[in-house]
Amino acid sequence: MSALLFRYVPGDSFLHLLDPRVKITAMLVASISIFMSSTFREMAAISLVFSLILLISSVSPRIVLGSLRPMLVFLFLIFILQLFLTGGDSLFSLMGLDATYQGLVKGSLLVLRFILLLMFASLLTATTSPSMMTAGIERMLRPLPSRKFGISSFDLATMMFLSLHFVPLLHENFSKLRDSQLSRGLDAKKNPALALYSLSVPMVRAAFGSAEDVAVAMESRCYQGDHRSSLHEPQLRKKDLLSLLSFAAVMLLMI
């Protein structure tokens with residue numbers, strides 16, 4: 001499941017064929033709507049919209065839910081911090097700290113926001129090929145005066161794409177490294193400091209090695225940030241605009 005984290009899933013569904021700029025803009029609209037929602041009713045409505053879009057995309061729910069797995073610890077910590085550090089009516093006490101009803105509600109809403117954001121982002125990357133994603137980001141950034149700062153829209157788009165590309169790669173490397181260390185007798189419960197050192201140092205080294213490999217591959221192919229051609233040229237059609245306007249209208253009605 002983790003092998004498909006934030007990776008493209010080939011297909012020919014309606015969502016796959018939409019212009020990447022429309023899908024990226026829709027992701028921004030969804031993010032704004034999610035962070036503006038403040039009740040469980042609004043969250044449930046957004047979740048229902050997401051379920052319908054997932055059904056149209058023909059992407060397996062297993063792939064979308066798999067994007068949550070690496071973030072479970074982070075989500076749990078957010079919930080615990082909100083539960084015990086938010087003032088209000090006490091529910092129970094643990095180690096001198098009071099868990100409050102207001103903290104329970106606030107923590108649950110915050111975790112739900114992150115879950116929805118991750119699932120929308122996973123669906124975006126699952127239905128948009130890397131080349132189309134790069135082309136879409138580049139077209140959206142082209143009007144910005146980035147050349148005044150010595151960087152082109154092609155460079156920015158490539159950096160964003162590589163950042164997305166490295167997320168599943170780093171997770172895959174971490175899984176392999178963890179399994180290899182466990183096979184050598186590593187016990188994280190008995191010695192967490194040694195486990196952290198044994199995993200973090202090779203992980204950082206592998207990340208730098210992967211980044212260097214990508215840089216060498218790009219240089220060997222004579223990569224230049226200016227005037228690059230694209231295998232796929234995104235074309236904004238009427239159905240793309242109608243889809244974006246419909247999605248934005250529905251999301252605004254949710255909050």
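Trainee: In which helix of this predicted model is Ser 108 found?
Mentor: Residues are numbered from 1 along each chain as its sequence is written, and side-chain values use heavy atoms, with hydrogens and water left out. The model is predicted, and local features need pLDDT of at least 70, side-chain atom pairs count only at pLDDT 80 or more, and totals for chains, interfaces and linings use all residues. Helix α5 covers residues 101-126, and Ser 108 is found in helix α5.

Trainee: Which residues does Ser 108 touch, not counting those up to four places away in sequence?
Mentor: The C-alpha atoms of Ser 108 and Phe 79 are separated by 6.5 Å, although these two residues are 29 residues apart along the chain. With contact taken as heavy atoms within 4.5 Å, and with residues up to four places away in sequence not counted, Ser 108 touches Phe 40 and Phe 79.

Trainee: How many helices and strands are there in the protein?
Mentor: Helices (H or I, at least four residues) and strands (E, at least two) are DSSP runs numbered from the N terminus. From the N terminus on, the elements run α-α-α-α-β-β-α-α-α-α-α, and the C-alpha atoms fill a box of roughly 60 × 50 × 40 Å along the principal axes. The totals for the protein are 9 helices and 2 strands.

Trainee: What share of the contacts with a separation of 6 or more comes from residues 24 or more positions apart?
Mentor: The protein has 255 residues, of which 38% are buried (under 20% relative accessible area, against exposed over 50% and partly exposed in between, with a 1.4 Å probe and protein chains only). Among contacts with a separation of 6 or more, the share from residues 24 or more positions apart is 73%.

Trainee: How are α1 and α5 oriented, parallel or antiparallel?
Mentor: Helix α1 (residues 20-36) packs against helix α5 with their axes 10 Å apart and at an angle of about 175°, where axes are lines fitted to C-alpha atoms over the stretch in contact and angles run from 0 to 180 degrees between N-to-C directions. Angles under 35 degrees count as roughly parallel, over 145 as roughly antiparallel, 65 to 115 as roughly perpendicular and the rest as oblique. That angle therefore makes α1, relative to α5, roughly antiparallel.

Trainee: How many nonpolar, polar and charged residues make the contact of α1 with α5?
Mentor: On the α1 side the contact includes Ile 24, Met 27 and Phe 35, and on the α5 side it includes Leu 116, Phe 120 and Leu 124. Nonpolar here means Ala, Val, Leu, Ile, Met, Phe, Trp, Tyr, Cys and Pro, charged means Asp, Glu, Lys and Arg, and polar means the others, Gly among them. The residues of this contact divide into 10 nonpolar, 1 polar and 2 charged.

Trainee: How far apart are the axes of α2 and α9?
Mentor: The two helices meet through Glu 42, Ala 45, Ile 46, Val 49 and Ile 53 in α2 and Phe 247, Val 250, Met 251 and Met 254 in α9, a contact of 8 nonpolar, no polar and 1 charged residues. Their orientation is roughly antiparallel. They pack at an angle of about 155°, and their axes are separated by 9 Å.

Trainee: Is Glu 138 buried or exposed?
Mentor: Glu 138 is found in helix α6, and, leaving aside its neighbours within four places in sequence, it is in contact with Ser 153, Phe 154 and Ala 157. Because its relative accessible area is 3%, Glu 138 counts as buried.

Trainee: How far apart in space are Gly 87 and Arg 7, C-alpha to C-alpha?
Mentor: Gly 87 lies in the loop between α4 (72-85) and β1 (90-94), and at 56% relative accessibility it counts as exposed. Gly 87 touches Thr 100 and Gln 102, not counting residues up to four places away in sequence. Gly 87 and Arg 7 are 80 residues apart in sequence, and their C-alpha to C-alpha distance is 40 Å.
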